[in-house]
Structure formats: C-alpha cells, structure tokens
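The following is a walk through a model with two chains, taken one level at a time. Please keep the sequence and the coordinates at hand.

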Amino acid sequence: MTSALPQLSPAQRAVVDAPLQRKLWLEGIAGSGKTSSGIARMLHLLQQGVPAESILLFVPQRSLAQPYREALRDYPGYSGGQLAVHTLGSLSKDMVETFWFLIAERAGFAHPQDLPNFLSLEMVQYFMTRAIEKLVAQRDYFKSVRIDRARLYSQIVDNMNKAAMVGFPISEIGTRLQTALGGGVEQAHIYADAQACAMAFRQYCLRRNLLDFSLCVDLFAQQVLALPVARNTLRGRFQHLIADNVEEDNPAAHRFLMSLLPNCKSALLICDHDAGFRSFLGADPESAARLRQACDNQVALDGSFVMSEPIAALGVHLSAPLLGEAAAAETDFRPALIAEAHRYHPQMIDWVADEIGKLVFEKGIKPQEIAVLAPFMSDSLRFSLFESLRRRGLSARSHRPSRALRDEPAARTLLTLARLAHPGWGAAPVQFDLAFALTQTIAGLDLVRAKLLCDVLYRDDGLHPFSGITNASMQDRITFDIGKRYDQLRDWIMTYSQGEPIAALDIFFRRLYSEVLARRGFGFHADVNAGNISRNLVDSARGFRWSLDFLRRFDDDIDLARDYVQMVERGLIANFYLRDWIEEAEDSIYIAPAYTFLLSNRAVDAQFWLNISSEGWSSRLFQPLTHPHVLSQGWQSGAVWSEADEQELERQTLRRLVLALTRRCRQAVYLGYSELGESGYESRGLLLETLYTALRRSHAEGATPSPQTPPP
Amino acid sequence: MFQPRPRQAQVLQYRGGYMGVAAVPGSGKTATLCALAGQLLNNAPLQDGQEILIVTLVNSAVANFARQVSDFVKHEGFLPGWGYRVRTLHSLANEIVRSRATAARIDDEVNIVDDRESSAILATAVDSWMRRQPAAADAWLGRDFLEKPHYRSNHWRNTVIESARNFIKRAKDELLTPEHLAEQLADSRQELSLAQMCMDIYDDYERALAYRGALDFADLIRLALRALRDNPDYLAALQHKYPYILEDEAQDSSRSQEAILRLLVGQGGNWVRMGDPNQAIYETFTTADPKYLREFIRSARVERRELPNSGRSTASIQQLANHLIDWSLAHPLIRIRDRQPLSLPHILPTPAGDPQPNPPDDPAAILLCPDAMSAEREAHFVAANCARWLDDHPTDTAAILVPRNARGTEIVRVLRALGTPYVENLNSASSTRAVVGSLAYMLRYLADPKNAQRLGDVYRVWRRDDRDDSAAAAAVDALVKDLRRIKQVEDLVAPRLRDWLDDNLQGESQVGARDRLASFREQIASWMRAADMPIDQLVLSLAGDIFRDANDIATAHMIALHLAQLQKQQPHMRLPDFAEELYEIARNKRKFRAWGDEEARFDPDAHKGKVTVTTLHKAKGLEWDYVAIVSVNNYDFPSAEPRDKYIGEKWYIRDELNLPEEALAQLASLCHDLPYREGFASLDARIDYAAERLRLLYVGITRARKSLCISWNTGRRNSQSEATPLRALRAFWDAEMRQRAQK
C-alpha cells in the first residue's frame, strides 16, 4: 500500500487489499471513507502492476473523478498510463463515434456515410428551438402553459433524456405522463404537444446527423452494444472497473455496468446511502442497488470520519420527524446548532458574516472549512454575502454551475469588446455597456472614470486614443496610468479590427484574453473566476462553431457570430464546464446552493444554512411538461401520481438533504432565519417546520427550548 | 394590553364552527381578530405542522396582524410567529399555485404581471382586434360620431379596452377559458357580438401571457381554485394544515376568493369572517361583492356577531353616518332600496371607561355645504377651510377626499398655489412612490456616476432614516449641499491622486461628517460593484442596503420583478433606461401598483399639520381629525334619477349604453343560458353604481374623527347638481341642528 494515503481503518483496508479477481460492492454514509477506499484500491491495482489504461473509472459526473485524478497525480509509482475516466455520456459518445459507420444506417440517419455531430446541452437547446419553433406556432402548441419558451423546450429535452436513461421509447413520453398525472383534457393536449415536439426533434436530428444526449445513449445501448465487435472492444479495454457514486447515476449507466461486470477481472462499485441527489438528471439509487447482488462481496462501512456526535445527533433528530418517528439518538444535538431569528433578510446576512468572522478570527477555523448554503443562490444574495464578508476582511468564492453566461460580468465584457472589434456587425455597444466593460478590463478603473473615458473618447467611429483628449485637466482626472492601459486595449482592438476579420469568435476571445486581459494591469489578471468564465466562453463558442460549420450544408440561414451572440444574450448558454471545480482559490469561504455543495463531495467544519424558511429546501422543481419520478425506471406502468406521493417525496427529499449535509459537517450548523425573506414576504417551508418540531420535542424531553444563541 | 369591549368579548368566546361578524368602522376588527387568534393558539394546541390561517386584504395589514397576534401568544421555542400564518388572498393563492405548479401549468419562474403590464398586454390585444374588425364600431357609436376618426380610433378603443378588461376579469372569476367561451358562443342562438369581441381579445390576451410565461392577478385566484378543486388530496392536506381560518375585510371577497376559503375550511371546518358590508367599495373595479358576506352572515349555520362600538368619531359624525344608513334603507328609489346599499348595525359610541373614548362632540365642526360652486371655487373653498382648521389645530391631521385622481390633482394645484402644506396620495401610494423614488435616485446615480447632483440625491436616500430627526435631517441637508458642489466626483468616491475628504473636511469639527462620508464612499463603491448585476438583482441588493420596513422591501421586490420583466421584453434596455422608468413612476407620471393593494400603508399620523389629498377609495382603513369630501354631485354620486349622468355611459356610444356592463351581461347570458336584452344591463349598472357610491360616501364620512365638511360642484359644464344623498343628509342635519337649538 502507498504511504500517500491517509490511515485506513481495518474495514477499508479489507476492501483495498481484496484479491485482484474480486468484484466488490462498497456502501456507507457520506464521510465513512468510501471514496478514500476507492482511491486506495485504484493505487493498489496500479501497485500490483495493472496498467492504468485497463482501469475504467466510471462516475456520474466528471467532477467526481477529481479526487482520483489528484491521487494519481501525487502517486509516486504512477508511470503515466492513461486512466480511462468516463461518464455514461462520454463513453456513449466515444463508442458511437468509433462504430458510427456500422450503426448509422440502421439507426435511421439520413447521411450514414457522413460523420455525426454530437451536441452539447446548449446546442441541443439551440437546435430544439430551430426544429420546433415554427411547429409550435403553426399548431398552437402549449397554448395554456405559462412558461417561458426556452424553459419549455428544455423540458422536452429533459423528457427525451429521461426516456433514454430509463430505456423506454420516446414515443411513450406523452402516454406515461398523461396516465400518471392526469389533469383533464387540457393537460392531455399539453402532453400530446410535448410528445409531438420530441418526435419532431428526433426526426430533425436524424435528417442532419445530429446526436443529442438521448439519441447518443440510445444508440450506445441499442445499437453499439448489440455489435459483438463493440462488446469485445470494451471487454479488452476495461478489465478493471471502479465506479463511484453509482447512486447518482442513471439506469442506463447501471445497465451498462451490469453488462460489463461479468467480463471484468475486478470491480469496485461504491454507493452512498441516503443519496441520489441528481434525480432531476436521472439519478436512481434503487436501480443502482440492483448492482449489489452482481458483486462477489458486499461491504458496508460504518460510522463517520467527519461528524462530531452532536452533529450526528442533529441529523437523526431532523430526519426523525420526516419519517414520522421519534429520534433514536440520545446525544444532545443542540451544542451543534446555532440559530438566531431576525425580522429582515439583511439582518440575517449581517449575522452570518459576524458569525463567520468569529469562527475565523477568534476560533481559528480556516475559511475553506466554512460553507454557506442556501436552496437557491441569487445574484443579490451572493453579492450581499460577498460584500458583508469583504467588509470583515474575509474572502469568499461561489459556485453556481448552471448559471447563464450572460449573467457573468466577464462574459459580458468579452461580448461587448467583440462588438467593438467587429464594426462590420453593425452592432456597436452602447456607451453604458462599454463603461462597464472598461471597469472589468482595466484593473483599478472605477465607474466614474470609465464613464468619463467613454464620454470623451467613444464616438460613432469607435474608440479614440487617450492622447486625443485636448483638455489636460480631463486627462488628469482620468489619470495617465489608466490612460496608458486604455490605449493598450484600444490599440489591440484597432489592430484587430483593421486586420483580416476572424470568422471564429472563440479565437477572438482567446486572443483578447491572453494578449490583453490576462496581462498584468488588466482586469482578468490573477482573477481565477474571470479566467474560468473566459475559457468557458471560448469552449462554448468553439463548440457552436464546429456544430454550425457542420450544419451549413442543411441550413443556409445560419449566421455563426450573430446566432452565437444571440444565444448568449437570451441566456441559453450556461456556464457549466468542468474546470470550475478545479481552478478556484481554496482559502476562502465557499458559498453555493446546497445541492451544488453536496455534489462537490467534501466536508467542512461549519455550515451556514440560509433562508431556512424557504420552501426550496424540500420542494422539487415544478415543470409541467416533465416529471422526474413518473419518468423514472421504478415507476409502475399505469400508476397515478398522488398527493401522498408528492408529500412523501417532499419529506424524503428533505430527509436525504439534511442527512447529507450533516454528514458533511464536522462541528456546527448555523441556521440563518429571517421572518421576511429576500422578497419581503414570509415563507414556511418544511425545513422550518421540521426544525421546530425537533426543537419542540427536545424541549418536551426536558431540555431548554432554544438552541445555542450567540451572545449579542 | 387588549381589553375587549363586551361585544368584542362575545367574539372571543368563539370555539369553533362558522362565525360571521359585522363590524362598523373603527370598531377594532383587527385587534379583536388578533386576540382571537392568540386565544385559539393558547387554548387549542395545534398538531405538528398545523397553523391558524389569517386572511386579510392588503399586504400592509399582514405585518400588522403578525405583530399583534404574536403579542397574544405565549412563545414556545425560538421561532417567532409560529402557529399562525397571515396572508392576503393573493399571496395565499400564490402559495397554492406555486406549490402545485404542475396542476397550474406553470413552472417555478412564472411571472406575475402587475396591473400596468397587464393593461399594456390587453391594449396590444385590443389594437390587433381593431385592425381585424375595423367596422365593429359602427354597431355601437352614436350617429354623430360615426364619421369622426378620433372617436373611432381613440374613444372607441378605450371603450373596447374597458369592456374587455371587465369581461376577462369576470370570465376568470367564473373559471371560463376562451376555449369554453368559444364553444358556448358557437352553440348560442343569440346575437352576442360584444361577448364575441371580448372573447377574441381574451384569447389573444391569454396567448400573450402564455408566451411571456406570465400570470395576472386574476389568474392566481383562478388557478388556485382549480388546483384545490382538481386535487382533493392536496385540499385535504391543506384543510388539515389550517384547522382555523380567520378572515378580515371579508366584504371585499369575490366569488372565487370566497370559494377558495370555503374549500380550505371544508365540511365542519372553523371559519370566522369579519367585515363591514357597508364598506364594500371595490365592486366597480373588481369582482368583489358584499353580498357574499351578507349571505354568509345570514345563513343558518353561522353564529352572528356584531361589533357596533367605535371610538373613532364624534357623536355628531356617527349620527350623520347612521342617518345615511337609515336613509338608504328607506331609499326613495325602490330598486336601490332593494339592493340594500347600506345595512345595520348603527355605529354606537364606545361604552364608558373604554380605553378609546369618542372625541368630544362638536356639532359645529360639521359643515354640509349647500352652495352650488364651480369646481374651481369648490377647490379654493375646501382648501381654505382645511387650511383654517390646521391653523387652529396644528398638530391635527386633515384630508381632502376626492372621488377621482384627476380631481385630486386639481385640489393639489390649488393647495400649492395657496402655499398650504400637503401630502399627495393619488395614483400610486406615496409610500410606494417613496420606495420607487429612492431606488430611482440610486439607479440614476449609477447610470451617471460623475454627476455630483445625483450623488447628493443618493446621499439623502442613504440617510433616509434621518428624515424624522430635525437635527440629523439638517446635517444631511448640509452635506447634500456640499456633495452637489463637488467638481470632480471621482475624488470623493474613488480617489486616486487627490482625496476630497482630505482636502475639504480636515477640521476637528468635521470629524463626524468625514466619518459619515467615508462610510458613504464605501457604500457607493459597493453599489458600483453591484451595478453590472441583472437589473432585478441589483434592485434587490440596493433595497437590502437601504430599506428595513417589510412593506418597502416587498415593494422593492415588485419593482425588481417589474424591471426584470421589462428587460425581458426589451433586451436593449440598460440601467439608465430603468432609472428613468422608475423616475417617471416616482413622479407619478406613470402608474405602478405594488402587489395586490398597498394603499392602506399610508399613515395619516405621519403627516400632522399637512393636508392629505387622496381618493375616497384610498382613504379606506384610514382616519383623520378633519375630513373634507368634495364633488358630491349627481355625477360622482348619482342616484339613478333621470337627471343623473353616468361615468360608464359614454356620450359617443348610442342609446346611453354602458358597453362594459352590456358585455358582462352577454357573458352572463352565455354562461347561464339567459336571454340577453340590450340596455337592461346599463340600467342595472346605474342601480349598482348608485348603491356603491352611497357606500363610498359612507366610507368618506366615517374617516373623520372630529370635523367633517362635505361640498359639491356643478361640474365642467355647469350642469351637475347636489347629490341626492347629500341633500338628504343636509336636510336631516339642518333639522337636527334646529332641534338642538330649540332644546
């Protein structure tokens, strides 16, 4: 065993040192050491001479492979072979691409002799709009639905993805929803409309060799795996399997693992108890559990390396009312729970920042050991937190993976500068946007001076040089230091715009970023977040360009740059690329939506739960065209989704969430409560009710009613 | 400590079942209902997850209720406000709809459009319909107006909008979709062209809402009702959750609003409805109707209670209000009398020893003006009268109540000319406008951050809590002056080579100002960092820094939603455009209504020594020491007499038809399979309108604590006469005075 790993418990060691030919199922709660065991097992395999490329590390999302990658990078004995890390999506894509010419015709593609085009999620949204917008208008689809069109289309995509993951034909989507959810004639029309749109989109893709996630997974499962040559390839390539967080994966992934297992020499399948948070993405713990019996040995890790006893008791006390039970834990949970009630939301934010200040400055807790969590993290909440913490000398970072790129200042800055550099588009930025872009671009430039710069130097024919200011006192006000950098930026843009225009927006972004914005003295220099966003924009624009270049032979009304900029501005392009997880300043307080924190698979010393009265802690996202449970594998055909199901789901969702959060917390949970929420209205979600019940029960048992309240 | 009067104590004996309480103005409805909630909470422990639901009319009342109930509740545990939930009907409906969004066919990000936006959508639908049906006006315009393009394009359009608006509201209240109506129209053998017109517009309007992913206020109620009806299990869960429902201002419930509460109460549930049918004044604008409360109170299974005692007004003012009830019960026109515009009980003074005794009586403080005056002269007369009162009673409150906003603007102009201090509470509530104004100043500064004038404005907003402290306010004024004189704003807000604070505030006496401005600078820097957030998020962030009051925060949230919606529709809009939008609203140039109804937020006692100018509708729920009611003529307060003119009967429409009412009659005929006869609805509407205006007059009279002045004018064409009820009141009062003099 390598010394790079932490000390392992005997139970973990038994897993790691198990004979090479063994297929193991490992389960336990979060914090019980499962992933550490998985990593140790991987290193053990390598130590035993297993080539890295014969190990398949299978995860539901790529970020979950990160601890494995890091351990591999730090492992002294690693010879550099390529560990195969795959999600269902990436593996499907690889395999479909490899065996394309054997399956394309049978699958019904109109151009089987041509290569396929794999669509990212944002591209699917784009093509879905193109494919069905006219149809929706002509046929008067979705007339009684009050949803923004883009969101409506994304629910159709969601349905198709669920069908592929669960393994039923997309033609059954409408019937399934109608049977389970009912809702009368009008609702039946809506499901029929959703069904028709799904079919239309599938046809659109088949005619153009486009592969969205659902079609790709379908092809992989139905066509590729049916080819003996493909099965042999998989068998030859992946002799050892490590699959982590199988509970977060979908039934299609589970079916694939089930088919792979018999041919693997060794396997380690890791499953988290009380999880399955990605249900909106098809996570299905019940389906995962079927893999258990396909393994030679089943190992359960008890206990937690993370939770203190009061924290463990807190989890038990909070989950008990949700099961309709009395709590079994005898330990008093109140030392781990710190709460203060406020009337107004800003008072709560101040309290949170004060308490974090005390933790860091008085108790010596490291900032990165503190997580501030809320069901939703609006810009305003995030900003208020950042500002409150900043005023106390604390830095924070946040992660909101599916946020629209247009909402990111760095992305907007790049787009504004792109407009400026492409006068041929006839879409010069308005002065206001440019002033903001300049504050983002030139380090230390404030909004007042940026406005002055724009007032005097931005005209119809573009930017003028700083030396063009004839009024010396104006130059003095803006300062020469700023003027110098302004000129550098302007020169770059002028040189670019006067040269040969570059058709590829991604190349423009990349050059602007690396040649100017990331340099010392400019706004993106040493700004990790801006760097991430810029690179995400580059990747997204490049993906768009590739897809559209490919599509030009089918549709001639595509204007690459115009369509891309429109997509960003309509909020269709989201900031969800892997690197967000990696390149972030680590020594700061982590601010995120609760589920984002859970999927980052880490524990902290202290958690702050904000807006505890919000319904968002327990309610699922309501989407009238889709339903994660009715379209799941476990749903009984012909069953009806009832109010009792809805309520039970809400309780179970919250139960899993509070257990998962407490299992990722070492010392204390702080509850941020304000009678009036961010919007000035009062809400009463299930979490608040549950907390109250837990406290009342503990009071009835003879303890004092209040949790710890910090001194005034 | 609340000490219930004997009649209030009777209400507090409630233990369960249905109870209906008819309460007079100023009888302590809120206090009684809060005490009842507190008592129920203390005496009838609830199960886990159960709450008492208190439903009230306006958002501003919610916080008031919540605070008062909590005073009655013995606290257990650390969470305040536990065990009860106070909601307006709209916010309750919103909760229901959002928690069962799939049934309502919305998602989590559905927008609720405010009245203004809904009007804009409706206007677009009407324009589109008019383009399709250019000849439709021919059937309705009077002969003299058929060839006048202005009437065809503008006046006719306004009438169509008004008709369609009422039609759509009523259709939604009756849960009728355009598809239902289209089917019924196809089956109907009657000629119902107005219903056809409104149905076509309704269809377009609904499409436009659907495209925006939006709901209007009527949809909230409609969808909530549907969610409850279509989902019995969910309804049962809510019935369990709310074992008691206490309803305030029940006279303003519409049919569907009442239906929601009735469903939530369920068979054998516990429901207390409190209200004053005499104060039902929203029938014309909404689908509310006091008959629902009256019927409830009359029904056999309901325990009936009254709260007749009020300490608000002098005995003379109460006597006058009571006489209006008596007169209306014996109204000279039988059709109005049958409608029972006003009903008993009479207002009684508070019993001896009551903590809220009536003001000492002063019959001379009542002036019912007999003279025919022009509108201009009446405005001067009332303004002078009011100013005299305030001269004599500088710490008292005073209001001039007008039937319409336009009349209020005229009064304001006169007050301004006379130099009389006044507060205007017209198109938008002034508190709403104050919130909008504060945000507008901040956005305007961020849109042009080098502008010293605007920086001064923002400083004033930032120190808005100093307004009521004269010394602090003077200090703010002084600093605002200094800020406005700054030549180079960047030297203060983002100093690089020079720091304005170092150059200008060095002395020891200026330490305080320096510290304040240093904090202000930090705040400005923070707002500048926020300025590139999406507009709604920016507004919420700014609001979080400057507002503490719940209503202000709620209003700011509405503003944020409004601006987000605007941005969605007009993506080219930027911060300077949003700033101007808010600036226009703050200047009352553009209408903005916060969620539901915010008028009651106005606090008369915060404006002592000034004249409040507001509408009779907005005055509901408020009280002043001196009240003047103007324009009580037969146009604003008609009595269905031949001489009367009606605002709903447009001079350019043929045969004195009230087209919006005719459209509603066609809708009723369609839904209930009744014969439609042209003109009957217009005549009926006269009766309804006369009845509602009587209640409006009653509401106006009962706003006065010590002094009351009622006057009338002859209108723009010098053709209006004194309103019949005013004449009756005057006759009564003159006789009363003579009688008292003889005694």
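Axes here are lines fitted to C-alpha atoms, for helices over the stretch in contact, and angles between N-to-C directions run from 0 to 180 degrees. The model is predicted. With that convention, helix α12 of chain B, residues 255-265, runs at about 155° to β6(B). The helix lies across three strands of chain B: β2 (52-56), β6 (244-247) and β7 (270-275).

These strands belong to an open sheet of 6 strands in chain B, with parallel pairing and the order β3-β2-β6-β7-β1-β8. The edges are taken by β3 (84-88) and β8 (302-307) of chain B; each has a single partner strand, so one side of each is left without a neighbour in the sheet. From one strand to the next the twist averages 15°.

At the β8 end of the order, strand β1 of chain B (residues 18-23) runs parallel to β8(B), and 6 bridges join the two. Within chain B, Val21 of chain B stands opposite B:Arg305, which is in β8(B).

Chain A can be described as a whole. Its secondary structure comes to 27 helices and 16 strands. The radius of gyration of chain A is 27 Å, and the globule rule gives 27 Å for 712 residues, so chain A is as compact as a globular protein of that length. The C-alpha trace of chain A spans about 80 × 75 × 65 Å along its principal axes, and 49% of the 712 residues of chain A count as buried. Of the contacts in chain A between residues at least 6 apart in sequence, 80% join residues at least 24 apart.

Finally, the two chains touch. Chain A gives 63 residues to the contact and chain B gives 61 residues. The chain B side comprises 31 nonpolar, 14 polar and 16 charged residues.

Terms used: Residues numbered from 1 in each chain as written. Chains lettered and ligands numbered in written order. Predicted model: local features only at pLDDT ≥ 70, side-chain atom pairs only at ≥ 80, totals over all residues. Contact = placed C-beta atoms within 7 Å. Nonpolar A, V, L, I, M, F, W, Y, C, P; charged D, E, K, R; others polar. Pairing = 2+ DSSP bridges. Helix = DSSP H or I, 4+ residues; strand = E, 2+ residues; numbered from the N terminus. Rg over C-alpha atoms; globule rule 2.2 N^0.38 Å. Buried ≥ 20, exposed ≤ 12 C-beta atoms within 10 Å, placed from the backbone.
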